[in-house]
Amino acid sequence: MTGESSPRRPARTAPLWRRAAALFYDSLFVIAVVILATFIVLPFTGGESIPPEGPIQWLYRLYLLAWIAAYFVFFWCRFGQTPGMKVWRLLLIRERAGPCIGPMLTRFGFGLLSLATLGLLFFITIRDPQRRSWIDDRQAMRVVQLLPGG
C-alpha cells in the first residue's frame, strides 16, 4: 500500500454509500474465504462437522476470524484496496509511513467493533468534515474514491 498522501489518479473523499457497497461486495469474498478455510480443516475432522459447543468450536471460530483478518490485512497492505474496494474505485491511503500490519489489524478490529454496534461507528463518518471514521482519524488514514481518467 502506498504511504503517499495522495493517489496517482484524481480522487475525492469516498462517500459512505460506496464504502458500504464495497463492504457488501467484500462479504461475498469473505464467504469464499470461510468456505476455503473450512475445506482445509475437513481432513483433520475426518469430514465431520465441528461440534456446536465447547472449546473446539471456539478454536474454529478464532481460526476463521484469522482467515478473514488475513484477507483484509493482505489486500490493504499489498494493494491499498480489497477486491470490493477496487470494484467501487476506492483506495485506502496511509498518511504515515511505517509498518503496515499493525495499523491494518487495528483497522480490522475496529471494523468488527463497528459491525457489533450495527454500523454505528461506521456512520460517524457522516459527521466528520473529511468523512473519516474514528479509526481512520487516529491511524492517519483516509479512504478516497478514484475518479475516472488520470
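Colleague: Does Gln139 count as buried or exposed?

Modeller: Buried means under 20% relative accessible area, exposed over 50%, and partly exposed in between, with a 1.4 Å probe and protein chains only. Gln139 counts as buried because its relative accessibility is 19%. Keep in mind that this is a predicted model, where local features need pLDDT of at least 70, side-chain atom pairs count only at pLDDT 80 or more, and totals for chains, interfaces and linings use all residues. Residues are numbered from 1 along each chain as its sequence is written, and side-chain values use heavy atoms, with hydrogens and water left out.

Colleague: Where does Gln139 lie, and which residues is Gln139 in contact with?

Modeller: Helices (H or I, at least four residues) and strands (E, at least two) are DSSP runs, numbered from the N terminus. Gln139 lies in helix 5, residues 134-139. Contact means heavy atoms within 4.5 Å. Leaving aside neighbours within four places in sequence, Gln139 touches Arg96, Pro103 and Thr106.

Colleague: Now to packing. How do helix 2 and helix 4 cross?

Modeller: Axes are lines fitted to C-alpha atoms, for helices over the stretch in contact, and angles run from 0 to 180 degrees between N-to-C directions. The axes of helix 2 (residues 55-79) and helix 4 (residues 101-116) come within 9 Å, crossing at roughly 125 degrees. Helix 2 is therefore oblique to helix 4; angles under 35 degrees count as roughly parallel, over 145 as roughly antiparallel, 65 to 115 as roughly perpendicular and the rest as oblique.

Colleague: Which residues make the contact?

Modeller: Helix 2 brings Leu65, Ile68, Ala69, Phe72, Val73, Trp76 and Cys77, and helix 4 brings Ile101, Met104, Leu105, Arg107, Phe108 and Leu112.

Colleague: What covers the buried residues of helix 2?

Modeller: The cover includes helix 1 (16-45), helix 3 (83-87), strand 2 (90-94) and helix 4. Among the buried residues of helix 2 are Gln57, Tyr60, Leu64 and Trp76. After helix 2 comes Gly80, with a positive phi near 80 degrees.
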